[in-house]
Amino acid sequence: MDHGIASWIRARAARRGGDTALVDGGSGQRYTYAELDAAIDALAAALRARGIRPGDRVALLAANSAAFFQIVFAAARCGAILVPINFRLSAPEIGYILADSGATMLFASPQFMALAGDALDAAPDRGGQIVPLDDATLQAFAEGGTASPFGGAQVALDDVCMVMYTSGTTGQPKGAMLTHGNMLWNALNMCGSPEGLLRTDATLAVAPLFHIGAMGIFSLPLLYLGGKVVTVDRFEPRRVLALMREERVTVQFLVPTMWSALRECPDMAAFDASAVRWSMSGGSPCPLPLLAFFGQRGWRLCDGYGLTETSPVCTVSDPDRFHEKPASIGV
């Protein structure tokens, strides 16, 4: 039986297949849970047809998109291990990660194809194919699988789901091995956070998805619950506010510099925040004036602390107790 994260999408497709799962903020393409599940099946079958087996590493050098999540879940469905890579790294740095992780396939956004090629050249004794992560190529890639439904691998909770590289120590980046169980328990922890999560919630995945914050704070937990995730490939304050309004975003994660830029946006004063239930800052301590600014506007901005190794949420401040001990994380 599949207990991996791809089983979440299968279950949602069976129960509420017509609900919106993903919205690509760049193209406007929308995917219901049934459509997402079918896309995952096709890509997983194509990965298997190209030799990817359980435990193999599939790397991803990509900007945020709906296709990013399709690869995340397709790798999981065939039992492979995803290696998301920071596209701000240099080619030799990416080459080190490819070699260290043992990745045999690399998906790359079109704008990073040259960087991906240079990285493979820099990776010692590391071959592997590069697949452009654009709609046309991904469609052709998926058609290279099998026409029959893909049953998927038997994934256990203790199987590794992703290897995320973290540079929080000296020397070369270290690959943190995160299991499917880590992702499940993180999702459940988020459901029990101070404000909680609901199936009706929606969020923007605007922080880079190669980072555990963007992946694990709201995106994966909402896809576990059956909520909606809107991908945004770059942070532009006005665009973020417009998408939040159009998609009726209810929960939102940003890092403090993003929250600060949002506060300074001229459109902020006129923004209709009636849909926002609560939001979270993380990555570094959130300045108290920012917490107060958004709190006064009903956003109930919480500060969170976590680690790549904890998938990531450790503790979240309670906005109702903010004034008891300002700058504290938790109780």
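Me: What makes a residue a contact of E247, and which residues are in contact with E247 once its neighbours within four places in sequence are left aside?

Reply: Contact means heavy atoms within 4.5 Å, and with its neighbours within four places in sequence left aside, E247 is in contact with V23, R30, A202, K228 and V230. This is a predicted model, in which local features need pLDDT of at least 70 and side-chain atom pairs count only at pLDDT 80 or more, while totals for chains, interfaces and linings use all residues. Residues are numbered from 1 along each chain as its sequence is written, and side-chain values use heavy atoms, with hydrogens and water left out.

Me: Where does E247 sit, and why is it called buried or exposed?

Reply: E247 is in the loop between α9 and β11, where helices (H or I, at least four residues) and strands (E, at least two) are DSSP runs numbered from the N terminus. A residue is buried under 20% relative accessible area, exposed over 50% and partly exposed in between, with a 1.4 Å probe and protein chains only; E247 has a relative accessible area of 10% and is therefore buried.

Me: What is the class of R248, and what is its phi?

Reply: R248 lies in the loop between α9 (237–246) and β11 (251–254), and its relative accessible area of 42% makes it partly exposed. Its phi is near 55°, a positive value in a residue other than glycine. Most residues other than glycine have a negative phi, and most peptide bonds are trans.

Me: How do you know what kind of peptide bond joins S311 and P312?

Reply: Omega is about -5° for the bond joining S311 and P312, and this peptide bond is cis. P312 is found in the loop between β13 (301–306) and β14 (313–316), and S311 is placed in the loop between β13 and β14. S311 also has a positive phi of about 65° although it is not a glycine, and at 2% relative accessibility S311 counts as buried.

Me: Why are the buried residues of α4 said to be on the same side of the helix?

Reply: The buried residues of α4 (residues 91–101) are A91, I94, G95, I97, L98 and S101. They cover an arc of only 160° around the axis, which puts them on the same side of α4, the arc being that of the directions from the helix axis to the C-beta atoms. These buried residues pack against β3 (57–61), β4 (81–84), β5 (103–108), α5 (113–122) and β7 (160–166). After α4 comes G102, whose phi is positive, near 80°.

Me: What makes S317 buried, and which residues does it touch?

Reply: S317 is found in the segment after β14 and is buried, because its relative accessible area is 12%. Not counting residues up to four places away in sequence, S317 touches P194, C302, D303, S328 and G330.

Me: How do you know whether the radius of gyration of the chain agrees with that of a compact globule?

Reply: The radius of gyration is taken over C-alpha atoms, and the globule rule is 2.2 Å times the number of residues to the power 0.38. With 331 residues, a compact globule would have a radius near 20 Å, and the chain, at 19 Å, agrees with this. The C-alpha trace spans about 55 × 45 × 35 Å along its principal axes. The chain has 11 helices and 14 strands, and 53% of its 331 residues count as buried. Among contacts with a separation of 6 or more, 72% come from residues 24 or more positions apart.
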